[in-house]
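User: I'd like to learn how to read a structure like this one, feature by feature. Could you take me through it?

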Amino acid sequence: MSGLLGTVNRILLAVAGAVLLAAGVVLLTAVRPLKGRAEPLLSAEDRRRYLHAEGWAWWVLVAALTLCLLLALWWLLSQLRRSRLREVAVDTGDGAFAVLRGRALSDAVAAEAGALDGVAGCRVVLRGRRGSPALRVAVELEAHAVPADALAGLAGPVLTHARTSAGLPELPAEARFKVTSHRAQRVS
């Protein structure tokens, strides 16, 4: 359901951006879509006065607007990019492929990693391509946990189990560890 909401969010955002862009073009060019103004936004006298202003001011204005446009385009393209891998192609051994939901694989790895000793919580995101997925694992350790033990448990049995159950020859993973914040206990 969250994938659908994300898609609706992107569509509404694109529509709002297109409407605002069209409104800006109409205002700047003084096009009369509904028999509006007959004059441009800047009169001929204003244009002559500002045209002969300091030369560097126009270059700064154009550079700032170009930077804003490039940042807006970068943000738009980052919104359209998929952040999670939705499915993984699994070789069935007979020349055909089965499809494994990416959410199922990441949830299984998160549950198995969350059961390790000293792990308070775990989030897993599946990235990459259908044929060569990769995991990004965020592990939250308890205060008493040994990070090396948690890493060994994650890299050993958890990832091996995920690799064999999904039928993948390799499953690269990036793990980030964070220790849970806890309150100091008062001793009396």
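Analyst: Happy to. The protein chain has five helices and five strands, where helices (H or I, at least four residues) and strands (E, at least two) are DSSP runs numbered from the N terminus. This is a predicted model: local features need pLDDT of at least 70, side-chain atom pairs count only at pLDDT 80 or more, and totals for chains, interfaces and linings use all residues. Residues are numbered from 1 along each chain as its sequence is written, and side-chain values use heavy atoms, with hydrogens and water left out.

User: In what pattern do the elements follow one another along the sequence of the protein chain?

Analyst: Reading along the sequence gives α-α-α-β-β-α-β-β-α-β.

User: How much of the protein chain counts as buried?

Analyst: The general idea is a set of cut-offs: buried means under 20% relative accessible area, exposed over 50%, and partly exposed in between (1.4 Å probe, protein chains only). Here, 18% of the 188 residues count as buried. The protein chain exposes about 14,300 Å², with carbon and sulfur atoms supplying 63% of that area; accessible areas come from the Shrake-Rupley method with a 1.4 Å probe, and for residues only the protein chains shown count as cover.

User: What share of the contacts comes from residues 24 or more positions apart?

Analyst: A contact means heavy atoms within 4.5 Å. Among contacts in the protein chain with a separation of 6 or more, residues 24 or more positions apart account for 49%.

User: Which residues of α4 are buried?

Analyst: They are Gly102, Leu105, Ser106, Val109, Ala110 and Ala113. Seen down the axis of α4, these buried residues fall within an arc of 130°, so they line one face of the helix. The arc is taken over the directions from the helix axis to the C-beta atoms. The buried residues of α4 pack against β1 (87-91), β2 (97-101), β3 (119-128), β4 (133-141) and α5 (147-166).

User: What does Ser106 touch?

Analyst: Ser106, in helix α4, counts as buried because its relative accessibility is 3%. Leaving aside neighbours within four places in sequence, Ser106 is in contact with Val124 and Leu126.

User: And which residues does Gly121 touch?

Analyst: Gly121 sits in strand β3. Not counting residues up to four places away in sequence, Gly121 touches Ala138, Val139 and Glu140. From C-alpha to C-alpha, Gly121 and Ala138 are 8.4 Å apart in space and 17 residues apart in sequence.

User: Is Thr180 buried or exposed?

Analyst: At 17% relative accessibility, Thr180 counts as buried. Thr180 is found in the segment after β5 (173-179). With residues up to four places away in sequence left out, Thr180 touches Ala120, Glu140, Leu141, Glu142 and Ala143.

User: Where is His144?

Analyst: His144 is in the loop between β4 and α5, and with a relative accessible area of 57% it is exposed. His144 and Thr180 lie 9.9 Å apart, C-alpha to C-alpha, and 36 residues apart in sequence.

User: Which residues line the second largest pocket?

Analyst: Rolling a probe the size of a water molecule over the atoms shows where empty space is left. On a 1 Å grid over the protein atoms alone, a pocket is an open set of points where a 1.4 Å probe fits, with protein on both sides within 12 Å along at least five of seven lines; lining residues have an atom within 4 Å of a point. Leu13, Ala14, Gly17, Leu20, Leu21, Leu69, Ala72, Leu73, Trp75 and Leu76 line the second largest pocket. α1 (2-29) and α3 (55-80) each supply at least two of the lining residues.
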